[in-house]
Amino acid sequence: MLGQDNCHSLPVPLTVMGEARMDPNLSPPDSTAQQDSLFSMTDVFLISLITGLFTYWFFFRKKKEELPDLPKMQTVVAPVRDSSFIEKMKKTGRNIVVFYGSQTGTAEEFANRLSKDAHRYGLRGMAADPEEYDLSDLSRLSEIDKSLAVFCMATYGEGDPTDNAQDFYDWLQEADTDLSGLRFAVFGLGNKTYEHFNAMGKYVDKRLEELGAQRIFELGLGDDDGNLEEDFITWREQFWPAVCEHFGVEATGEESSIRQYELVVHTDVNMNKVYTGEMGRLKSYENQKPPFDAKNPFLAKVTENRKLNEGGERHLMHLELDISNSKIRYESGDHVAVYPANDSSLVNQIGEILGTDLDTVMSLNNLDEESNKKHPFPCPTSYRTALTYYLDITNPPRTNVLYELAQYATDTEEQERLRKMASSAAEGKALYLSWVVEARRNILAILQDMPSLRPPIDHLCELLPRLQARYYSIASSSKVHPNSIHICAVTVEYETKTGRLNKGVATNWLKNKVPDQNGSNSLVPMYVRKSQFRLPFKPSTPVIMIGPGTGVAPFIGFIQERAWLKQQGKEVGETVLYYGCRREREDYLYREELARFQKEGVLTQLNVAFSRDQAEKVYVQHLLKKNKENIWKLVNEGMAHIYVCGDARNMARDVQNTFYEIVSEFGNMSQAQAVDYVKKLMTKGRYSLDVWS
């Protein structure tokens, strides 16, 4: 700003000089003497004026520069120093860096486990978020002896990078850097039910090799539809011997329990400095400031919470979140992320079983002072807050948690059982699969079923993964509802093999949100995540929407938007919906709204499959086959866009196979050609998926 101020100041005397030089030309040329004297008087006056102005400007400018500069300069330097992971590795004596692309925390967890493993081989590792570093430094990793870069990369959505790996992905696409000195390995986290299985892991592995880097171990492909934990352990137990062989090192001993954080209990603490559930900035829920995102969610009021289904065992609900004055913008097809809270009864039971005062205020501080991650969750906080808002206590714990907890089991058999389940032996893997995963035992169930296992609560809090945000397809259009976001969800509740009743964290928490009530009971921490699931640019383009169950959610927003466009006088193309539910009188969601849209002529076709209202089950793909000629006409002649939302494992796959059949039959193509045709529709953005497993 000072530079700009100087620039503006400089022209002042110049302008005066320019104007003064024009004055003599305006004087009458009668008397030369008179003219000369006028010149000298004017010159003297101008010189004095200029000198005065310049002196005043010079001193005024000095004061402005002297006042604010020193303190301002100090605040901007710090982040630049930290952006080089190479310098950090050199400073802290690390030679292995494990980068993670993580959306739900699992890839980050795997990266931490690999970096901890390194010490067993006389190496030192660090886990790193690619968002925090300059990845072009990979070309310099060879400056460090026995150096290696490992990438734990999750694939999000339809083959996309996770939010924190987006910049890394963009850099890889554009990079022409020579990475010939880089040694690397990649473990991908994906789900086989998705079209683009492990796309990010595969791309990173392939691209690094293209840039000249040396792969020291094969690409690992973890499948979350199977057993991701087992896939990781199997890959990891072969990965380390390959590292040892490459660097000529040997294992220094057994895997040992090393604490990453130290406990500090605060007996005399200012409660205004204690976190009570905030995700980032302290007191951010009391003093809300945009922009709102994953680290700074907006507290939205629930203005409506109604049950959608008329019968049956399940509870399907429609919620409306008020986003007035938040400056949050969304489009039809986007996702809303909500941060839920764990059931207080589960939290209390953990406290009771471990004999802990849950209201103790504490901090877990990283023993590695150079780490960017100072705490595993916001600290200082209470154990109650950590177990309620920050930690995942309902999912079955991973094997590394069992291994670390084993030391606290006083019964020899229980200790051996925990160690066996955490081992890479076939018998141990099978036991972990049956006793933990298939029985859906969470940490509380494990503590209940192993009476001698009573770990210190601080170590348990260190080991448990973070509670993640839950994503829902938005069931509204911002053109119609600019100040509210609608959610359609079904509560998850099931009995486990051990006879326990397990409840979905977020859906049961949302179910209990009471509209227009003061206090936290009506508030939902949320933010919007942009999606590629978008209506066609031209409203006149026909759309075919396939969404059974709660998969109808984004299409309610799509239809609302098409109705709004029609009201604006726009030409709106055919709007076709294929919806499915169990029974017409039980769980037909948004029945009245859909009937109204059809009556108004916005929804040109409404095809509903009731799967259990007759002896033979009928699903959306059966209705697609029934109307195959119309479908082909819309796709082939009308250039329709196809949208599929819902279950990835069965429905989305069956619908896609149905489209292969329709294309093959009416397009006179072979099966391979039909598959290629549909894949091209996907590439062009004419076949979009918003699916989950």
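Mentor: Helix α8 (residues 166–174) packs with helix α9 (residues 199–210) at about 40 degrees, and their axes are 11 Å apart. Axes are lines fitted to C-alpha atoms over the stretch in contact, with angles from 0 to 180 degrees between N-to-C directions. The two helices are therefore oblique to each other (under 35 degrees is roughly parallel, over 145 roughly antiparallel, 65 to 115 roughly perpendicular, the rest oblique). The crossing of α8 and α9 is left-handed (the near helix is turned anticlockwise from the far one by less than a right angle; clockwise would be right-handed). From α8 come Phe168, Tyr169, Leu172 and Gln173; from α9, Met200, Tyr203, Val204, Arg207 and Leu208 meet them. Contact here means heavy atoms within 4.5 Å. An α-helix has 3.6 residues a turn, so residues three or four places apart point the same way.

Some ground rules. Residues are numbered from 1 along each chain as its sequence is written, and side-chain values use heavy atoms, without hydrogens or water. The model is predicted: local features need pLDDT of at least 70, side-chain atom pairs need 80 or more, and totals for chains, interfaces and linings use all residues.

Now a second pair. Helices α13 (residues 399–406) and α14 (residues 412–421) cross at roughly 150 degrees, and their axes come within 8 Å. That makes α13 roughly antiparallel to α14. Their crossing is left-handed too. Thr399, Leu402, Tyr403 and Ala406 of α13 make the contact with Gln415, Leu418, Arg419 and Met421 of α14.

Next, the whole protein chain. It has 25 helices and 23 strands (DSSP runs numbered from the N terminus: H or I of at least four residues for helices, E of at least two for strands). Of its 693 residues, 49% are buried (under 20% relative accessible area; exposed is over 50%, partly exposed in between; 1.4 Å probe, protein chains only). Take contacts between residues at least 6 apart in sequence: 75% of them join residues at least 24 apart. The chain exposes about 33800 Å², with carbon and sulfur atoms supplying 50% (Shrake-Rupley, 1.4 Å probe).

Helix α12 (residues 383–390) has six of eight residues buried, so it is largely enclosed by the rest of the structure. Those six are Tyr383, Thr385, Ala386, Leu387, Thr388 and Tyr390. They pack against β8, α11, β12, β13 and α17.

Leu141 lies in the loop between β2 (125–128) and β3 (148–156). Leu141 is buried at 1% relative accessible area. Lys90 is 51 residues from Leu141 in sequence, with 9.9 Å between their C-alpha atoms.

Gln656 sits in helix α24 (residues 648–666). Its relative accessible area is 7%, so Gln656 counts as buried. Beyond four places in sequence, Gln656 contacts Glu195, Val678, Lys679, Met682, Tyr687 and Leu689.

Gln605 belongs to strand β21 (residues 605–610). At 17% relative accessibility, Gln605 counts as buried. Its side chain makes a polar contact of 2.9 Å with the side chain of Asn630 (N or O atoms within 3.5 Å, one able to donate a hydrogen and the other to accept it; residues adjacent in sequence count only if both atoms are side-chain atoms). Beyond four places in sequence, the contacts of Gln605 also include Glu574, Val576, Tyr578 and Asn627.
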